[in-house]
Amino acid sequence: MSGYLIRRILWMIPTIFAVLLITFVIMHATPGGPWDVSPDSRTSDPRVQAALDKAYGLDKPLYINPEAAQKASAAGKDPIAVAQAFFDTQFGNYLSNLSKGDLGPSYRFRGRRVQDVIAEAPVNKPFYQSRFGTTIFLGVLAMLMALVIGFPLGLIAGLKQNTVVDNASLLVATIGYGIPSFVLGIFFIFVFAVWLGWINVLEFDYWDRWQAWMLPALTLAIPTGAYVARLTRSSVIEVMRQDYIRTARAKGLPERLVVFRHIIRNSMIPVVTFIGPALAGLVTGSFIIESQFSVNGIGRLFVESINRRDYTMILALTIIYAILVAVANLVVDIVYGFLDPRIKVGGGRT
Amino acid sequence: MKKFALFVILATALALIVIACAPPPAPTAVPPTAAPAQPTAAAQPTAAPAKPTEAPKPTEAPKPTEAPKPTEPPAPAGPKVLRIGRGTYPDVLDPQKSSYGIEIEVLKLNYEGLLALDNKGNIGPGAADKFEKSTDGTKMTFHLRDGLKRSDGTAMTAKDYEYSLKREVDPCVPGKQYTSIMYDVKGAQELDDYGNELGNDCSKVDQKKLDDLWAAFGVKALDDSNLEVTFKQPTGFWEYIAYTWVTYPTDKRAVDKDPDTWWTKAENHVGNGPFKIQSLEEGKKAVFVPNENYWRGKAKLDRIELIYNTDNAVIYEAYKNGELDINANIAAEQVPAIDADAVLKAQFVRYPAAISIAILYNNAKKPFDDKNVRAAFSAGLDREGWIRDVSKGNGGPYTRWIPPGVPGAQPDKPGVPAYDPAQAVKTLVDNGYAAADSTAEKPKVDCAKLGDLKMTYGASPIQHARYQFLAGNFVRIFGCPITLDPVDATVATALTKDIKTMPQFTRGGWIQDYPHPQNWLSVYWVCGAFSKRYGYCNPKLDEQLKEADTTLNFEEAVKKYQAAEEILIGDVPAAFMNYAENNYLVAPWVIGPKDYPSSSDAEWAGEWGPVWTYDIDLTKVPASYPKQ
């Protein structure tokens with residue numbers, strides 16, 4: 001098991017490098033740069049933009065720099081210095097910084113390092129209140145809510161297949177899945193803040209008032225919860241048709257025990273498979289929710305960074321998401337073993 | 001045991017959702033028991049009876065003050081807080097690095113430049129109580145007022161401004177976006193060029209060269225009270241640059257301690273403006289309190305809060321819910337809803353903005369390298385229809401470049417050809433684009449002669465609507481097909497930066513840096529400036545502008561700029577289309593902002609007015625108004 005874990009973790013390194021390279025290539029293949037602001041905004045002088053390119057190393061070649069290498073070689077520099085000059089490029093310098101734990105300068109928040117923007121908490125606040133911590137917390141909370149909403153709904157629908165309960169559950173799940181988050185978000189704001197006056201439209205004190213999390217988390221959770229409900233329903237229906245369920249019933253096991261001991265446990269496997277990527281999706285897909293509910297997280301930062309061509313920020317957040325997906329999948333694989341002893345991870349004994 | 005655990009998790013999570021729907025224990029903006037008013041109702045203080053049956057409608061649900069009468073209880077002695085709903089949180093809050101309006105609005109509350117601008121675009125005293133120009137116009141001396149202090153009480157001298165102006169061109173300071181604004185100052189461009197050469201990395205600096213460049217730089221504190229600025233040539237407009245954000249006196253003590261990120265912390269912004277930054281909550285809020293050491297005296301408001309949310313639908317609801325006093329994030333599509341609501345309409349403030357919009361042609365590419373085609377498309381542009389159907393009444397049709405409200409603007413004079421479909425077709429037909437079957441009675445354009453027409457733009461729902469209108473408009477007039485080419489917004493901007501990639505024609509515009517015709521004409525249209533992107537260059541215009549820029553008498557200079565604008569209009573380098581409009585919702589209890597509208601108000605109502613005089617009528621505020 002531990003060998004398997006180490007292998008999986010080591011495999012993450014080439015995976016993340018590949019993600020990094022692909023992102024870098026696509027990012028730079030797309031026209032535009034960090035200083036290309038919207039035509040509706042104040043535009044800075046082209047000469048100043050050239051200076052900014054130079055200051056941030058954006059004037060360097062992307063992948064290789066044979067010209068610099070030739071110069072270094074002609075100047076009689078040693079082979080290491082020539083190699084360094086060859087890779088004195090935007091990608092080379094990024095990797096070099098990354099190897100030192102530096103995610104580079106943000107082009108948008110000029111003067112700040114990317115890791116500071118992502119992980120620095122407000123003054124005198126703990127780390128978990130950083131943008132990173134905020135988004136992770138929101139994503140996990142939304143995932144919990146999605147499971148709480150979706151699993152029981154799907155379970156009941158599956159157990160009561162083709163009844164009014166099942167149809168009602170299908171209707172609720174379809175509506176939940178079909179309504180876009182931004183519509184759901186503003187709807188909740190309208191109902192709970194404007195009509196009922198239970199909360200403020202503009203909530204800010206997320207870390208001081210835990211209730212503030214509920215609307216953004218619920219908005220984020222509903223489409224995922226709806227999907228979980230549908231997935232659970234199909235899984236329950238499939239499990240109920242299995243021989244071992246028939247056997248359990250035939251040997252006189254009470255229905256309660258059949259459901260809890262056999263049906264729930266076995267129907268959870270597809271749901272658990274879904275949770276891994278879904279959790280990463282909840283974290284990455286929180287852009288609109290973070291914008292609507294004034295949550296200062298990395299979901300919003302990600303989309304804004306793409307629009308603003310904040311290259312280093314895009315790369316950093318892509319790496320974070322790649323790691324999140326990889327870790328979530330690893331955890332799911334491990335959980336399989338607990339849910340179904342027939343599934344073995346890493347070929348070892350379970 | 002596992003089943004029990006599952007039950008506990010499910011039950012806990014369900015309980016969380018249920019509790020989430022309960023009222024918060026101590027909301028700040030919702031009154032505990034005060035008055036019978038609902039927060040939504042109390043938010044609307046002006047009288048306009050709402051129909052109860054139509055309550056669910058967003059614009060009609062909140063009842064005006066008539067019903068709850070927030071004025072009935074004794075006037076609260078609470079704080080006077082101006083809460084302004086904004087969009088995007090600023091990226092950089094460093095006076096010498098910032099450039100966006102959303103950044104400048106924060107800085108200008110906290111700092112004051114050498115001079116100040118009023119809402120009418122007039123330059124007045126700021127940190128300097130007076131200034132003199134040398135008779136040849138190559139020097140300006142600013143006299144700093146006596147007893148000038150920063151918000152922490154430390155005395156300020158001319159050295160503080162010298163430091164800021166030097167920092168703006170310092171080759172060792174990276175990330176500056178507006179250095180070119182200083183290029184009229186002697187030695188500024190040379191310093192900036194050297195910084196460019198170094199990549200702003202002074203680890204490889206040639207110290208002697210740098211010292212020589214600094215010695216030649218035209219900004220010098222003569223003593224504690226006087227700052228001298230020397231220009232490359234006679235300069236008639238620099239007082240307008242002396243008020244801008246690049247001159248704001250950044251606190252050297254903070255920069256020395258943390259050169260790159262000092263500006264992220266509120267306590268480092270020890271400025272000299274009417275307010276001081278109390279807190280900066282990234283992505284959420286910027287809070288200001290009065291600067292007790294401000295030379296004009298302490299501001300009347302106890303607090304200004306800039307509250308950020310990029311979703312203008314949320315800001316709109318927050319304003320209606322009484323959580324904001326000014327909505328400064330209104331989308332064009334919200335305007336019809338506001339107009340349809342009597343209460344909101346009464347609070348709606350709109351006036352021209354110093355923003356000019358045009359259809360920008362690629363003057364170097366067929367068919368728009370032909371002035372007649374440019375003129376024809378200008379005459380074919382239905383500006384009224386644009387304002388009515390696309391802008392939803394925002395702004396006004398305009399055929400000139402300098403927008404109303406800016407010195408030198410001549411809104412009553414004709415500009416580039418105005419909308420005249422018959423004349424548009426005739427211009428093409430008479431100038432070599434007539435179809436074989438074109439007749440005097442029925443003129444017809446030969447589309448093949450015009451070639452393929454393509455409009456490239458940054459894709460978004462609002463942009464699609466805009467360009468569908470524009471393409472439809474021209475197709476209707478000329479009968480020639482136009483391809484719509486939506487691309488990513490940043491890509492679209494990048495394409496317009498280089499004449500080689502500049503689209504045939506696209507929509508663009510200019511937001512002023514300072515209300516002076518020099519900023520509208522010399523900065524934009526001289527050969528090699530922004531005009532280079534559109535393939536436009538007219539040496540005659542350059543000559544006229546140079547003369548205007550070096551004219552010291554303001555009135556005379558304005559006349560010369562007006563003559564320059566005529567040259568520009570004669571060339572029809574773009575189809576000038578409309579000026580934009582500032583749109584804000586201002587609550588009735590807010591005193592001041594509505595009285596000081598300015599075309600420079602890019603961010604919120606009254607931004608460029610006397611903010612230190614703004615006030616809140618506490619007798620009119622709703623029950624949900626902040627108590628502390």
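How many of the 14 residues of strand β12 (residues 348-361) of chain B are buried? In this predicted model, 10 of them are, so β12(B) is largely enclosed by the rest of the structure.

Two strands of chain B pair with β12(B). Strand β17 (residues 574-586) pairs with β12(B) in the antiparallel sense, over 10 bridges. Strand β16 (residues 505-511) also runs antiparallel to β12(B), joined to it by 7 bridges. A358(B) takes part in both pairings: it stands opposite F576(B) in β17(B) and opposite G508(B) in β16(B).

The largest nonpolar core has 170 residues. Residues of both chain A and chain B are among those with the most contacts inside it, including A142(A), M145(A), I84(B) and I326(B). Helix α7 (residues 131-159) of chain A gives the most to this core, with 14 residues. Residues up to four places away in sequence aside, A217(A) touches L138(A), L141(A), A142(A) and M145(A). Another core, of 67 residues, lies apart from the largest one. Among its members are A353(B), I355(B), W401(B) and A574(B).

Chain B is assigned two domains: domain 1 spans 88-308 and domain 2 spans 354-580. Their centres, taken over C-alpha atoms, are separated by 35 Å. At the contact between them, 12 residues of domain 1 meet 13 residues of domain 2. The domain 1 side of this contact has 5 nonpolar, 6 polar and 1 charged residues.

Note on methods: Residues are numbered from 1 along each chain as its sequence is written. Chains are lettered from A and ligands numbered from 1 in the order in which they are written. This is a predicted model: local features need pLDDT of at least 70, side-chain atom pairs count only at pLDDT 80 or more; totals for chains, interfaces and linings use all residues. A nonpolar core is a set of buried Ala, Val, Leu, Ile, Met, Phe, Trp, Tyr and Cys residues joined through C-beta atoms within 7 Å. A residue is buried if 20 or more other C-beta atoms lie within 10 Å of its own, exposed if 12 or fewer, and partly exposed in between; C-beta atoms are placed from the backbone. Helices (H or I, at least four residues) and strands (E, at least two) are DSSP runs, numbered from the N terminus. Two residues are in contact if their C-beta atoms, placed from the backbone, lie within 7 Å. Two strands pair if DSSP finds at least two bridges between them. Domain bounds come from an automatic or database domain assignment. Ala, Val, Leu, Ile, Met, Phe, Trp, Tyr, Cys and Pro count as nonpolar, Asp, Glu, Lys and Arg as charged, and the others, Gly among them, as polar.
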